[in-house]
Amino acid sequence: MRFDLQSMIPEHISELTPYSSARSEFEGSGSVFLDANELPDAFPGMPPGVNRYPGKEPQEFREKLSAVKEVEQDSILLGNGSDEIIDLIMRCFCRPGKDQVMVFPPTFGIYAVRARVNNLEVIPVNLDEKFQINPDEALKSATPDTRLMFVCHPNNPTGNVQTKETIIRLLENFNGIVVVDEAYIDFCPEKSLLPLLSDYPNLVVLQTFSKALGLAGARIGAAYASREIIEVMRKITFPYNLGTPAIRLAEKALDSYAIYRMNVKRIVDSREYLAGVIRELPLTETVYPSDANFLLVKTRKTDDLYNHLARNGIIVRNRSREPGCSGCLRITVGTAEENRRLLDAWDAYDPATREKGDTAATALAGQAETAGQIKRNDTGSQTEVRQATVRRQTSETDITLRINLEGSGYADIRTGIPFFDHMLEQIARHGMMDLEVDASGDLEVDPHHTIEDTAISLGRALREALGDKKGIERYGFELPMDESRARVLTDLGGRSYLKWDVPLSGAQIGTVPAPLFKHFFRSFSESAACNLHIEASGEDDHHMIEAVFKAFARALKMAVARNNTDAMPSTKGML
Ligand code: PMP
């Protein structure tokens, strides 16, 4: 079927002369702006420039997004959340009171609501029992006045994706625009349809900064489509639909790739772990497979359970009134702490679980092998998870580091220095903490800055994760031995000091110059504010340094261990 965009544009839109704002009218470089009735200065303490209207869809941000997404700038439209863009597409391509919009329930409710607001008829074509679109039925149900189809991929609230073949069938056979809403695509990026953009003139892909990019409060969404479609949509956008502070935040998020990657991995790992735990609970009927950051769970006492969780302050979404979702709760994957609170409250609700005495969650305790998963002890109770993420950017390095002191020895280390990676892994494994490091540094010069800044970041993250240090053991030591021996004493009391007695004989270990190891621990002790006394002896430098890192890990593990008190481990009353 040949898609004809022109025939899709209602007359009142094609004839429209767009509003010309002050900022879009003037081209060139002015220095005195008296054209937009703004206040000449921002209030003290406000972000610089907020007294000015933003340029229409600020250029720099669009350039950045275009590079990241590998989509031409002319094919990108930004909106105040994808919610705004959903509404905008309808206003742009549908005649009120005449045209129709197709949706595939159970799905994101905004599509139908905005259609009604715009006086458009909604044609629902329900998903099948596996939450898949039946393309034959969809195409059969479309009329010449059906202008848009909204495919949610992955789908909210079911969490699953559609097959590429199904979406292509719709694109090739529907004489209208197929809007593929990829709000959750960051959790399964390989399934994005963005690469199909140049093949299908009737494809619009929506993405958002609200989910994996952590900016739901900033309200930023994007539409990707052919230049022609975007041009029509741009005609009707509000002149300044994105605020300057929001744009700055979005730029920062795009720039924080390592944190984004770590977050996605942690959420996906936690989702699978949570799914495994919930699946075993007696009240659970089905946990549907999910490619998103939430789970759809069918339970036997949904309304009751929902109310019970809410009474305990745990808010999930009751989707049991949606077609095909009877008995279903939609549960967002939270932090390890939040997930555990959910499970604890669920346990408390379900006497069958409690009486069995071996809650599914407890039965699965100890299986938490990847970062950020829920660890529960024998009684199911837990204290707060101590974790921190830090990012340190200098002209020489860019380090993102996440530490979780309640971890299980998970390590994902990328510094570009293999031997150093191996040593940092020792800290995670032998310290029984999760450690993720993504460091890019000027290795073309030498490893110095990368090693130093990683140490500083590790120290900072440890300090942050420890918080007020109440209830910790504070000191630690260890004496692991092979042909080498190492002893590491530490005091997390707040004062920095390094005593180093490690007689290395060679000039370098792996690709790392030997003096950098002392430098690593000095930088760490300064940044973590801790005493470190490190001694080692042996014949093989590699063994000696490895023993030092292992002993350091053990010492840290002992020092950060909790002693089940709320006491400050100092007679000073503070550390
Ligand atoms: N699409 C889907 C499928 C969603 O679930 C949501 C938010 N719940 C949105 C779009 C809205 O995204 P935004 O915050 O960008 O408006």
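Let me start at the ligand, with K211: a polar side-chain atom of K211 sits 3.2 Å from a nitrogen atom of the ligand. I count a polar contact as a pair of N or O atoms within 3.5 Å. This is a predicted model, in which local features need pLDDT of at least 70 and side-chain atom pairs count only at pLDDT 80 or more, while totals for chains, interfaces and linings use all residues. Residues are numbered from 1 along each chain as its sequence is written, and side-chain values use heavy atoms, with hydrogens and water left out.

D181 also has a polar side-chain atom by a ligand nitrogen, at 2.6 Å. On the oxygen side, a polar side-chain atom of R219 lies 2.7 Å from an oxygen atom of the ligand. The ligand on its own has 400 Å² of accessible area, and the protein covers 90% of that (Shrake-Rupley method, 1.4 Å probe).

Helices are DSSP runs of H or I with at least four residues, strands are runs of E with at least two, and both are numbered from the N terminus.

The largest nonpolar core has 76 residues, and F104, F209, Y224 and I278 have the most contacts inside it. Such a core is a set of buried Ala, Val, Leu, Ile, Met, Phe, Trp, Tyr and Cys residues joined through side-chain atoms within 4.5 Å. Buried means under 20% relative accessible area, exposed over 50%, and partly exposed in between, with a 1.4 Å probe and protein chains only. Helix α10, residues 257-279, gives the most to this core, eight residues. Another core lies apart from it, with 56 residues, including F420 and V548.

Helix α9, residues 244-254, has buried residues too, among them I247, E251 and L254. Their cover includes α3 (59-69) and α10.

Last, R495, in the loop between β17 (485-491) and β18 (497-501). Is R495 buried or exposed? Exposed, with a relative accessible area of 62%. R495 still touches A529, C530 and N531, leaving aside residues up to four places away in sequence; contact means heavy atoms within 4.5 Å.

Methods. Polar contact = N/O pair within 3.5 Å; in protein donor to acceptor, adjacent residues only side chain to side chain.
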